[in-house]
Amino acid sequence: MAAAAELALLEKSLGLSKRNKYSARGDRQIPVLQTNNGPSLTGLTTIAAHLVKQANKEYLLGSTAEEKAIVQQWLEYRVTQVDKHSNKDDIRTLLKDLNAYLEDKVYLTGYNFTLADILLYYGLHRFIVSYEERTEQRGRPPLTNFYLETEARRGYRSSPRSHNQ
Amino acid sequence: MRLFVSEGAPGNLPVLAAAGRVRGRAELLISTVGPEECMVPFLTRPKVPVLQLDSGNYLFSTSSICRYFFLLSGWEQDDLTNQWLEWEATELQPALSAALYCLVVQGKKGEDVLGPVRRALTHIDHSLSRQNCPFLAGETESLADIVLWGALYPLLQDPAYLPEELGALHSWFQTLSTQEPCQRAAETVLKQQGVLALRPYLQKQPQPSPPDESAVTNEPEEEELATLSEEEIAMAVTAWENGLESLPPLRPRQNPVLPVAGERNVLITSALPYVNNVPHLGNIIGCVLSADVFARYSRLRQWNTLYLCGTDEYGTATETKAMEEGLTPQEICDKYHVIHADIYRWFNISFDIFGRTTTPQQTKITQDIFQRLLTRGFVLRDTVEQLRCEHCARFLADRFVEGVCPFCGYEEARGDQCDKCGKLINAIELKKPQCKVCRSCPVVKSSQHLFLDLPKLEKRLEEWLGKTLPGSDWTPNARFIIRSWLRDGLKPRCITRDLKWGTPVPLEGFEDKVFYVWFDATIGYLSITANYTDQWERWWKNPEQVDLYQFMAKDNVPFHGLVFPCSALGTEDNYTLVSHLIATEYLNYEDGKFSKSRGVGVFGDMAQDTGIPADIWRFYLLYIRPEGQDSAFSWADMLLKNNSELLNNLGNFINRAGMFVSKFFGGYVPEMVLTPDDQRLLAHVTLELRHYHQLLEKVRIRDALRSILTISRHGNQYIQVNEPWKRIKGNEADRQRAGTVTGLAVNIAALLSVMLQPYMPTVSTTIQDQLQLPRPACSILLTNFLCTLPAGHQIGTVSPLFQKLENDQIESLKQRFGGGQAKVSPKPEVVETVTTAGPQQIQVLMDEVTKQGNTVRELKAQKADKNQIAAEVAKLLELKKQLALAEGKPLETSKGKKKK
């Protein structure tokens, strides 16, 4: 999914009425947001955090110092690890690590839903379908739970499955 | 909480710096683990540093750990900080890992290391200089600064990997590196081993994949267009459409120029060149040329501007020169004043006054300032021991004594400093001192002198600085120099000398003494103004209405920023003091220093003989202006910049724009129908123009020149994309498009001609003549881009502006002026002789040759012993050989041998 489309989806789910226009820079198509009252903003997680503040939903960036740092850590993970052009081994390791991390958690910060969950959800989209298919038969791993949880919460798919399936 | 680090992990640096910065280090338990230990249970691959929180959670991202420390101290992050951190993680880190791996693990050097990160470094530099703030996210330090500093430190602490042209990055890096938490982190992590301290960690890491190659081949950073808002575009279009109408009436230049109440009154001085030296390129860029750019800019803004300079003529060096040349000091000054004036005229320096310090006004004002200081108790008396040459019957200034260095035993140490060990020397400490003029041994004599009581004035100075410095445009080096002088405490400074050639000291018992030049040289500005107008006090005793800009090289900062202000404050006479002290660093010549005595470098009078026009010299010197750090003049680079920036970029654009009007539209500017793309270009040009203004208002002359070149690059691209030469042959719509593109381009050329005026005044006038730019538009520069050549305007004859510099031409100039000699000459010892021979040594050698010649002749006349004669002849031949070597150098500076 192109970054601009992802940000448009985010705007919608944040309930922002005024839609922004995004341009893209460079080969990696890094999104750029031109704000009217200041310099432009560059970068997916930077713009996403800006939109969250614009929508007055700061709680999505975490409430405590610890939570805030964790949210930012996973946002960074999204743009550096998940978005990296990786080989199969890297992808396997990434999914394995996430799976292990989420073992005892509902969301990335534990029990609170944050921007990190949203962006990781989008970012994983390109791997998750095949992962689900492969793991469905063997009982649902935590990562799938996370994925479905997030999905249900935001209602992203046209036909969301119930997370307590 | 517990921090796990590993020896030499680069991430330790920012983490420790951040911890130190927020003083959270005390509660932090630090454990060192091996580079291959997996500390985070859910991560397959090892990762350090890692912070284990009391909740059991882990932070394994370096910048998140830093962020956490900042958050704990209550510092939230804004969008700009987040943007830097994201950029650091996604762009900088991949490039930096590759560079560090190359350097530390593979032992590569130079471009192999710098290549991958150059673009990222340039990005930081441009962002810093564009937003004009000392820190990445604004006026104060933020998390972004710590994280980026920590990432970059291992590489940039080696000056070889901090490209000198990145001035803003340079000063940002220095600022952070000198902070205590950063210093401590650097010591802990690098342990004084430099980047090699990272080796134990990095060699255990997989080789990082090279950063995206395609990113590097993109156009350079500065070409990236900023995104513009609709409002900005609309405003640019409105301003453009208002055109010539919006120009204010042209202000006639007054004579004399005097301050006007309610207007901006700008008084500009350039350090007074010492009369008996021909200035070299470094002197020229350091003061007169830099000040000239600002003066011209100031006049383009219609500020009430007075620019003055003059020759500094008193002092011992003049007396000696006079002796050498067999003239009186006054005759020497008269002679050299003209040489200076001619050089500056050739360089097109737009002085309102170019005066001199040997005038009755100088005596009157200096003595008045002295009397007031004396009456107010700011002058002390003391006895000083000095070297006196009985043979020459005078006290010797430091530079006229040579002897054996008391520290290292070097035989040719100067009276103020040893060239070999570099230590400062007090002339009376020299062993076996010699008078440089007559070679006899001077004696120590004591003499009464007057001192300016600086310690007593220190408090007033600090008060004044406290009011002046904040918000002013003093250059960082000037601030630094003044700060360090104040930190060390001021000491009384001697203001008199045992000389004849100077301003007489009006005090009983001091009749045979004069003021020391550094006391009265800065008063020269006042007396030069007084010789220009009897209303000089309206400039110099009017601090409320006058903005004083003083230009100089950094060695002159103490006299202008400290000594003169102290004198002036001590007089209690409401003098105008420097508001903006603009000091440059040094300009080197090729790989070394300019040296008159060693005959290395290009001097003012020789630049004219190279056949290269003054404006090209101006351009190149300003392009490499040592702004923020030392820079070097290089012939090869001058050729490159002339051929790429002037010929291919600027000249090409302006010439094409004009040629299209002539060729396709019969010399009349065509009708323009702006499309949204054109409007965006208008806004981009406006943006760059604003940037140019911002920089010049801050006297960032070198950076502002880049804005001109950027606009012309936009212009070239615009022509290239729209291809008016094809469209002119197309249908009606195509032809209209060709017209619009040509019209807009030629208007950009007109704008460039005005922006160029401070830098290349002759080229600017040539362009304006070619385009027949209306008079007011030539002399006023607004902050908006206006249509100054409306449809129907007839332009003149267009011709190329610049000439290509050829390799062999430059190579022969390089030979002639001594640059890169060491590389050309096969025998190093010959180079040694050549480079140490100065006019004085030549004179000495010539005298010895004559003497030896006489000896030989006498011996022959006496029919002396053959062997004795042979020995003396051998001596003579050796001397002649030495003389030939000394004279045979490409640059000969003694009189009468200037041109070939």
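B:Leu71 touches A:Ala65, A:Lys68, A:Ala69, B:Glu76 and B:Gln77, leaving aside residues up to four places away in sequence; contact here means heavy atoms within 4.5 Å. The place of B:Leu71 is in helix α2 (residues 62–72) of chain B. Helices (DSSP runs of H or I, at least four residues) and strands (runs of E, at least two) are numbered from the N terminus. With a relative accessible area of 8%, B:Leu71 is buried, where buried means under 20% relative accessible area, exposed over 50%, and partly exposed in between (1.4 Å probe, protein chains only). B:Leu71 and B:Val22 sit 49 residues apart in sequence, yet their C-alpha atoms are 9.4 Å apart in space.

A word on the model itself: it is predicted, so local features need pLDDT of at least 70 and side-chain atom pairs count only at pLDDT 80 or more, while totals for chains, interfaces and linings use all residues. Residues are numbered from 1 along each chain as its sequence is written, chains are lettered from A and ligands numbered from 1 in the order in which they are written, and side-chain values use heavy atoms, with hydrogens and water left out.

Back to where the two chains meet. The contact takes 37 residues from chain A and 35 residues from chain B. Between them, chain A and chain B bury about 3,100 Å², with 48% of it on carbon and sulfur atoms; this buried area is the accessible area (1.4 Å probe) that two parts lose on being put together, summed over both. Three salt bridges turn up across the interface of chain A and chain B, each being a side-chain nitrogen of Lys or Arg within 4 Å of a carboxyl oxygen of Asp or Glu. A:Lys53 forms a salt bridge with B:Asp79, and their closest N and O atoms are 3.2 Å apart.

Next come the sheets of chain B. Strands of a sheet pair through backbone hydrogen bonds, either parallel or antiparallel, and two strands are taken as paired if DSSP finds at least two bridges between them. One open sheet has five strands in the order β7-β6-β5-β17-β18 (chain B), with parallel pairing. Its edges are β7 (353–356) and β18 (580–584) of chain B; each has a single partner strand, so one side of each is left without a neighbour in the sheet. From one strand to the next, the twist averages 20°, an angle that runs from 0 to 180 degrees between N-to-C directions of lines fitted to C-alpha atoms. Within this sheet, strand β5 (residues 265–270) and strand β6 (residues 304–311) of chain B run parallel and are joined by five bridges. B:Val266 has B:Thr305 as its bridge partner in β6(B).

Another open sheet has three strands in the order β11-β10-β12 (chain B), this time with antiparallel pairing. The edge strands, β11 (413–414) and β12 (431–435) of chain B, each pair on one side only. Strand β10 (residues 401–404) of chain B meets β11(B) in the antiparallel sense over two bridges, and B:Glu402 has B:Arg414 as its bridge partner in β11(B).

Helix α12 (residues 316–325) of chain B is largely enclosed by the rest of the structure, because eight of its ten residues are buried. Among them are B:Thr316, B:Glu319, B:Lys321 and B:Glu325. The buried residues of α12(B) pack against α13 (329–346) and β9 (394–395) of chain B. Just after α12(B), B:Gly326 takes a positive phi of about 65°.

A few backbone details stand out in the loops. B:Val48 and B:Pro49 are joined by a cis peptide bond, with omega about -10°, and B:Pro49 lies in the loop between β2 (29–32) and β3 (50–52) of chain B. Although not a glycine, B:Arg439 has a positive phi of about 70°; B:Arg439 is partly exposed, at 38% relative accessible area, in the loop between β12 and β13 (443–452) of chain B.

As for cysteines, the structure holds zero disulfides over all chains, a disulfide being a pair of cysteine sulfur atoms within 2.5 Å. The sulfur of B:Cys389 is 3.5 Å from the closest cysteine sulfur, in B:Cys438, which is too far for a bond. B:Cys389 is buried, at a relative accessible area of 0%.
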